[in-house]
Amino acid sequence: MPRLAAKHPLPIRISHWLNVPVMAVMIWSGLLIYWAYDPYMIEIGGVVLFKFFPDWFYRTMDLESGLAEGMAFHFTFAWLLTLNGMFYVGYLVWSGEWRMLVPMRRSFREAWHVVLHDLKLRKEPPPPAKFNAAQRFAYTGVILKGAGTVITGLAIMKPTQLAWLTALLGGYQMARLWHFALMIGFCMFIVVHLAQVAKAGWNNFRAMIAGFEIVTPPKEKADAVGPPSR
Ligand code: HEM
């Protein structure tokens with residue numbers, strides 16, 4: 001018979017869902033600040049392939065002339081992001097949940113297995129676990145990206161008071177570039193994360209809200225189908 005199984009503890013769910021509006025405000029306000037000086041582009045042999053960001057992007061997203069507003073929101077929500085991140089990592093360490101999230105030695109091999117399975121090139125599913133190897137890399141990676149964002153952010157917010165940190169990161173321009181690259185990394189994580197959540201389905205999504213998921217033991221699943229037809 002299907003049964004309820006505990007999956008995500010309450011502190012993890014609270015900090016996870018807090019991340020959604022906080023990250024949205026951080027990305028939006030960061031773009032308001034970036035608009036005021038937007039030098040990054042992908043260029044090969046003097047030919048600009050892509051500029052971060054084209055004018056139509058700023059216009060469509062209503063991101064022009066909002067530097068002061070962007071700074072006010074960015075510097076306020078950055079503290080929420082930092083506190084929430086510290087709470088989340090602190091809880092992972094305290095509760096031992098980190099063991100289910102951090103990649104292990106065999107995760108490299110298993111992550112490849114997950115990719116092949118997702119691409120339908122390998123039938124056998126990856127070993128059952130709270131998080132598969134690919135998720136372990138993605139979730140640990142996003143925690144590291146969060147830490148990197150806070151460190152590079154501090155270096156460009158206080159380049160005089162924290163001159164040693166800014167210098168350690170290769171100077172102001174380099175720290176700003178790292179900060180920007182981490183934001184792009186975050187956006188890529190969010191796109192893939194949402195696609196995987198949609199693919200995994202309702203039971204998996206609901207567990208991040210309610211804390212429990214419905215587990216159907218394989219034998220009972222077969223019983224539910226009924227006797228084989230003749
Ligand atoms: C509307 C947006 C989002 C939705 C619907 C969503 C949904 C989910 C779900 C369903 C899980 C559980 C996955 C599983 O059990 O297999 C999960 C885990 C996770 N998500 Fe999200 N997520 C969202 C945004 C974010 C954002 C913005 C971040 C980080 C910046 C994030 C980081 C994580 C992490 C680190 C985990 C693992 C949590 C743990 O158990 O320790 N998510 N998410």
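Colleague: At what angle do helix 4 and helix 5 pack?

Modeller: The axes (lines fitted to C-alpha atoms, for helices over the stretch in contact) are 7 Å apart. This is a predicted model: local features need pLDDT of at least 70, side-chain atom pairs count only at pLDDT 80 or more, and totals for chains, interfaces and linings use all residues. Residues are numbered from 1 along each chain as its sequence is written. Taken between N-to-C directions, on a scale from 0 to 180 degrees, the angle is about 110°.

Colleague: Is helix 4 roughly parallel or roughly perpendicular to helix 5?

Modeller: Under 35 degrees counts as roughly parallel, over 145 as roughly antiparallel, 65 to 115 as roughly perpendicular, and the rest as oblique. The angle here is about 110°. So helix 4 and helix 5 are roughly perpendicular.

Colleague: Which residues of helix 5 does helix 4 meet?

Modeller: Contact requires C-beta atoms, placed from the backbone, within 7 Å. Helix 4 (residues 107-118) brings S107, E110, A111, V114 and V115. On the helix 5 side they meet A133, A134, R136 and F137.

Colleague: By class, how many charged residues are in that contact?

Modeller: Ala, Val, Leu, Ile, Met, Phe, Trp, Tyr, Cys and Pro count as nonpolar; Asp, Glu, Lys and Arg as charged; the others, Gly among them, as polar. The contact of helix 4 with helix 5 has 6 nonpolar residues and 1 polar. The charged count is 2.

Colleague: What share of the protein chain counts as buried?

Modeller: Buried means 20 or more other C-beta atoms within 10 Å of the residue's own; 12 or fewer is exposed, and in between is partly exposed, with C-beta atoms placed from the backbone. The C-alpha trace spans about 75 × 45 × 35 Å along its principal axes. Of 230 residues, the buried share is 16%.

Colleague: Which residues are closest to the ligand?

Modeller: A residue is near if its C-beta atom, placed from the backbone, lies within 6 Å of the molecule. The shell has 18 residues. Helix 1, helix 5, helix 7 and helix 8 each give two or more of them. The closest are M23, Y139, V197, F205 and M208.

Colleague: By class, how many nonpolar residues does that shell have?

Modeller: The shell around the ligand has no charged residues. Polar residues number 5. The nonpolar count is 13.

Colleague: What is the phi of D62?

Modeller: Most residues other than glycine have a negative phi, and most peptide bonds are trans. D62 is found in the loop between helix 2 and helix 3. D62 is exposed because 10 other C-beta atoms lie within 10 Å. Though D62 is not a glycine, its phi is positive, about 55°.

Colleague: What is the phi of K120?

Modeller: K120 lies in the loop between helix 4 and helix 5. With 7 other C-beta atoms within 10 Å, K120 is exposed. Its phi is positive, near 65°.

Colleague: What is omega for the peptide bond from F52 to F53?

Modeller: F53 sits in the loop between strand 3 and helix 2. The bond from F52 to F53 is cis, with omega near 0°.

Technical notes: Helix = DSSP H or I, 4+ residues; strand = E, 2+ residues; numbered from the N terminus. Contact = placed C-beta atoms within 7 Å.
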